Amino acid sequence: MKIFVTGAAGQLGSDLCRELKGRGHKVFGSDILDSGDMSIMDEYLKADITSFGEVLDAVSAISPDAIMHCAAWTGVDDAEREENRQKVYAINVTGTENIAKACVKVGSKLLYLSTDYVFGGRGDTPLRPDDGDFSPLNYYGKTKLYGEEIIRDLLDEYFIVRIAWVFGKNGKNFIRTMLSLSDKYDKVRVVDDQIGTPTYTVDLSVLLSDMIETSRYGTYHATNDGGYISWADLAEYIFEVTAKNTKVERVSTSEFGNTLARRPHNSRLDKGKLIKNGFNMLPDWKDAVKRYIAQIQ
């Protein structure tokens, strides 16, 4: 297959390109950077997804069988700043619309990465992929939900995959932050009333590659297996794995404060639809964290 990956320089996009190329697909990566890592793709295209002309030119030149749309504004707190909102909308909404329209033009199927933040995060019941209780608490979540709605309106052949608590080699993530803080402090404050499961980009890339090779379209949830935990639980496990003496002070979201964007308390994503449709669950999150830490150290 010819597969076009947006956001190819990012935390997920780079691992996804590597996995797809390893399977023998012809991989075209795009980003706003001048060049890309040619060891993980066959061809790199600099493309600004907020420009329909640039997107259409790139997609028309490739005529891919599938587009995997990883590019997004993911800075949740920065998205709340008034001065950033126009740009956030342009990337997450207009950019997604441009990609979807290009899919229609050339007949490509689409895989779109979304987020648990499209939900309001109330209660403690795991959220199912086809639940319709959308009430995003922050602007980032709203723009990702708008992207989902655009895809459903324009396309029939699509995957929407909601993920949460993502970590990978490229970019910032919670594990890197905890390790950095542990070098400076004996104790860190971490919330214990936001519940979910981490997602390792290496493991996720395997699942997404499995998906794009099928026509089992629909909306899915994908995080690592192993049950639901709090951010404080994750921090304690990180320090256990790395033999750090840093202590975790468990606090509530209200006690922690100082974030611009509101976060959902319930990010429990029900992943049963994966099994129902013949896909494999991602490995246990503890195993994933161990492998990731070994990768970056």
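Colleague: Is Asn98 buried or exposed?

Modeller: Asn98 counts as buried, because its relative accessibility is 7% and the cut-off for buried is under 20%. Bear in mind that this is a predicted model.

Colleague: Where is Asn98, and what does Asn98 touch?

Modeller: Asn98 sits in helix H3. Leaving aside residues up to four places away in sequence, Asn98 touches Ile49, Thr50, Ser51, Phe52 and Val55.

Colleague: On to the sheet. What is the order of the strands?

Modeller: The order is E3-E2-E1-E4-E5-E6-E11, in an open sheet of seven strands with parallel pairing.

Colleague: Which strands stand at the edges?

Modeller: Strand E3, residues 43-46, and strand E11, residues 218-221. Each has a single partner strand, so one side of each has no neighbour in the sheet. From one strand to the next, the twist averages 20 degrees.

Colleague: How many bridges join E1 and E4?

Modeller: Four, in the parallel sense, between residues 2-6 of E1 and residues 66-69 of E4. As one example, Val5 has Met68 in E4 as its bridge partner.

Colleague: Which helix lies across E1?

Modeller: Helix H1, residues 11-22, lies across E1, E2, E4 and E5, and runs at about 165 degrees to E1. Helix H6, residues 201-212, also packs on the sheet. H6 touches E1, E4, E5, E6 and E11, and its direction makes about 145 degrees with that of E5.

Colleague: Back to E11. How many bridges join E11 to E6?

Modeller: Four, and the two strands run parallel. One of the residues involved is Ile160, whose bridge partner in E11 is Thr219.

Colleague: Which way do the residues of E11 point?

Modeller: Gly218 and Tyr220 point one way, Thr219 and His221 the other way, and all are buried. In a regular strand the side chains alternate between the two faces of the sheet.

Colleague: Changing topic: how many residues has helix H4?

Modeller: H4 has 16 residues, 139-154. From its first C-alpha to its last it reaches 23 Å, close to the 22 Å expected at 1.5 Å a residue.

Colleague: Which residues of H4 are buried?

Modeller: Among them are Tyr139, Tyr140, Leu145, Glu148, Ile150 and Ile151. The cover over the buried residues of H4 includes helix H3, E5 and E6.

Colleague: What does Glu148 meet in a salt bridge?

Modeller: The side chain of Glu148 meets that of Arg162, at 2.8 Å from N to O. The pair links distant parts of the chain: Arg162 is in strand E6 and Glu148 in helix H4, 14 residues apart. Both Arg162 and Glu148 are buried.

Colleague: What is the count of salt bridges?

Modeller: The count comes to 19 salt bridges. One of the pairs is Glu213 with Arg23, where the closest N and O atoms are 3.1 Å apart.

Colleague: Where do Glu213 and Arg23 lie?

Modeller: Glu213 is in the loop between H6 and E11, and Arg23 is in the loop between H1 and E2, so the pair ties together parts that are 190 residues apart in sequence. Glu213 counts as partly exposed at 38% relative accessibility. Arg23 counts as partly exposed too, at 29%.

Colleague: What about Lys244: which residue forms a salt bridge with Lys244?

Modeller: Asp183, with the closest N and O atoms 3.0 Å apart. Lys244 lies in the loop between helix H7 and strand E14, and Asp183 in the loop between helix H5 and strand E8, so the pair ties together parts that are 61 residues apart in sequence. Lys244 is partly exposed, with a relative accessible area of 28%, whereas Asp183 counts as exposed at 59% relative accessibility.

Colleague: Which residues do salt bridges that share partners join into one network?

Modeller: Glu19, Arg23, Asp210 and Glu213.

Colleague: Last one. Where does Glu157 lie?

Modeller: Glu157 lies in the loop between H4 and E6. At 41% relative accessibility, Glu157 counts as partly exposed.

Colleague: What does Glu157 touch?

Modeller: Not counting residues up to four places away in sequence, Glu157 touches Lys109, Leu110 and Tyr217. Glu157 and Lys109 are 48 residues apart in sequence, but 5.2 Å apart in space, C-alpha to C-alpha.

How values were computed:
Residues numbered from 1 in each chain as written. Predicted model: local features only at pLDDT ≥ 70, side-chain atom pairs only at ≥ 80, totals over all residues. Heavy atoms only, no water. Pairing = 2+ DSSP bridges. Axes fitted to C-alpha atoms, helices over the stretch in contact; angles between N-to-C directions. Contact = heavy atoms within 4.5 Å. Buried < 20%, exposed > 50% of the residue type's maximum accessible area, 1.4 Å probe, protein only. Expected span 1.5 Å × (residues − 1). Salt bridge = Lys/Arg side-chain N within 4 Å of Asp/Glu carboxyl O.
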